[in-house]
Amino acid sequence: MNLVDKQTVQSSMTKRLVKNRLANSLFFLAAAFGIVVLAILLYRIYSEGMGYLDWNFLTSFASRFPEEAGIKAAIVGSLWLMAVTAPVSLLLGVGTAIYLEEYAKENKVTRFIRMNISNLAGVPSVVFGLLGLTVFVRLMEMGRSIMAGGLTMSLLILPIIVVSSQEAIRAIPKEQYEASFAMGATRWQTVLRVVLPAAIPGILTGGILALSRAIGETAPLLMIGALSFIAYLPENVWSGFTVLPIQIFNWTGRPQEEFHLVASSGIIVLLIVLLLMNSIAVLIRNKFSK
Amino acid sequence: MNTAAERKHTFFANTVADEQEYVSKTIYNVDHFNLWYGDDQALYDVTLAIPENQVTAIIGPSGCGKSTFIKSLNRMVELVPSVKMNGSISYAGQDIFSSGYKVEQLRTDVGMVFQNPNPFPKSIYENVAYGPKIHGIRKKKVLDEIVEKSLKGAALWDEVKDRLQENASGLSGGQQQRLCIARCLAIEPDVILMDEPTSALDPIATAKVEELVQSLKKDYSIVIVTHNMQQAARISDKTAFFLNGEVVEFEHTDKLFSNPEDRRTEDYITGRFG
Ligand SMILES: Nc1ncnc2c1ncn2[C@@H]1O[C@H](COP(=O)(O)OP(=O)(O)OP(=O)(O)O)[C@@H](O)[C@H]1O
Ligand SMILES: [Mg+2]
């Protein structure tokens, strides 16, 4: 006697196949929804913003007249901000990750730090703005400078960099450590010659993605008082500054309709910058994974 | 000056297990050594003396503590955080666990080859030059010489001399293992610890590594873990049989295989368990 009844198998077959097809379409819809919305958004920005996007737009300062308004100060400001944020956050972030993964003894304090770094990654960015305002702008009297903004942004993305660097370090097989230690290498030599070379692609990819988050952030910089209308370029890290998203935010807030179109042009510039940074991350990953 | 090597050769001339007195200096002295992983004891009261310039084989069933033991000899076992030990191991007359003993120095004098080949994802050249470089040798010419000598010592030179700058991951498993041996030779250790160096290799590569071990022992003291009893019988001078973390028998290889004292040794080498 057969335990598996052919009849049951047959009748449930159709049902199973239908369910499968249903699930298929549902998931496709879910994916399509996001993509369609994104496409509409991109199309609107493109059709609105292309009109104002020309060489003049890139090389002029902000202005009261939409035809003359440009984004030069914001581009340069964003670059200055990155020049502070990138080295500070990478050095601190990678240093922290190396300490936690390589040197820290497994105890309560270490576990506490580990847990809180992941928590920090979830703290809203305004809170970091408040921190920057209190510590850098007021307490350390940096004023509303690039330095204060850059340091605040560094703190904001630090947890992301720490976590992604930790993951990159943890992915290194333990055999590599064994090989190095068994040869009489110290911990530091092992970190320098085995761990870092193997972890660098992961660290850089995570770092660039974190930096592109920083480039798009507005809230913390508004908190510490970045300017939104400047007609000069920053001279050093103590100058006042504006950045791309703040400039865009400022334009969208204006009553004149034309400025909304200018804002779209600004968004295109910002998106191109982000796209460039992401491509660099992909390039690095491909180059090293060979 | 060359006495150790000579002694080695006389010993080999009379390999037959007669009542001959084997004269050999002790390089490692393990005394009542116990080791725990957390609460699980892995080694029980291990006491044995490892002779200089000979091949010492460690045999025993899986999980009996062979790897744990050999990793204790260069303190690699300490990489496991939960490890606790007591008893003593002395190398060249010095207790390796005494405070102030430099573990980096120990691991410079005592090289190790692991069960699975673990070359760095660097070029063949950089793999071999790794050890000398971390010990401060910078001169290109000296490094070149060391790389060539070590690769020749590991019987790999002829196969790789034209592609030293290629990544080591492109080598076959057997070549990778010999590269690891070359890497180990490059720091000119006195002792080489090998944890089942041929378990991942095919018979031909295994034969090459075994040949290598034979040729290395005139300059080095070798401790080799193996699952393969024929291998132990072929290449070693003394053999220790481990069972459940204890040394059951530690004897001259011929004696241990022809006339074991302990019943459990006999059962194991005749294949009745393990
Ligand atoms: N890192 C570790 N943490 C906890 N227990 C371990 C660890 N490594 C080994 N052990 C335990 O210690 C005992 C001895 O293991 P060991 O690796 O020394 O055996 P082995 O003789 O080398 O075995 P094999 O022939 O399979 O390699 C085993 O019971 C094992 O489970
Ligand atoms: Mg083992």
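Helices (H or I, at least four residues) and strands (E, at least two) are DSSP runs, numbered from the N terminus. Two strands pair if DSSP finds at least two bridges between them. The structure is a predicted model, in which local features need pLDDT of at least 70 and side-chain atom pairs count only at pLDDT 80 or more, whereas totals for chains, interfaces and linings use all residues. Residues are numbered from 1 along each chain as its sequence is written, chains are lettered from A in the order in which they are written, and side-chain values use heavy atoms, with hydrogens and water left out.

**Exercise 1. Determine the order of the four strands in the open sheet of chain B, and examine their pairing.**

Step 1. The order is E2-E1-E4-E5 (chain B), with antiparallel pairing. At the edges stand strand E2 (40-51) and strand E5 (94-95) of chain B, each of which pairs on one side only.

Step 2. Eight bridges connect E1(B) and E2(B) in the antiparallel sense. In this pairing, B:Leu35 is opposite B:Leu43 of E2(B). The hairpin of E1(B) and E2(B) has two residues between the strands, and B:Gly38 there takes a positive phi near 60°.

Step 3. E1(B) is also joined to E4(B), antiparallel, by eight bridges; B:Asn34 faces B:Asn86 in E4(B).

Step 4. Strand E4 (residues 83-91) of chain B pairs with E5(B) over two bridges, again in the antiparallel sense. B:Tyr91 has B:Gln94 of E5(B) as its bridge partner.

**Exercise 2. Which strands of chain B does helix H2 lie across?**

Step 1. Contact means heavy atoms within 4.5 Å. Axes are lines fitted to C-alpha atoms, for helices over the stretch in contact, and angles run from 0 to 180 degrees between N-to-C directions.

Step 2. Helix H2 (residues 66-73) of chain B lies across strand E1 (26-37), E2 and E4 of chain B. The helix runs at about 60° to E2(B).

**Exercise 3. Describe the open sheet of six strands in chain B.**

Step 1. The strands follow the order E6-E7-E8-E3-E9-E10 (chain B), and their pairing is mixed. Because E6 and strand E10 (246-252) of chain B are at the edges with a single partner strand each, one side of each has no neighbour in the sheet. From one strand to the next, the twist averages 15°.

Step 2. E6(B) and strand E7 (residues 191-195) of chain B run parallel and are joined by four bridges. B:Met112 is opposite B:Leu193 in E7(B).

Step 3. Helix H7 (residues 173-185) of chain B lies across E6 and E7 of chain B, at about 170° to E6(B).

**Exercise 4. How many residues does each chain bring to the contact between chain B and chain A, and what is the area buried there?**

Step 1. Chain B contributes 23 residues and chain A contributes 15 residues.

Step 2. Buried area is the accessible area (1.4 Å probe) that two parts lose on being put together, summed over both. Here the value is about 1,600 Å², with 62% given by carbon and sulfur atoms. Helix H3 (103-109), strand E6 (110-113) and helix H4 (124-134) of chain B each supply at least two residues of the side of chain B that touches chain A. H4(B) gives the largest share of that side, four residues.
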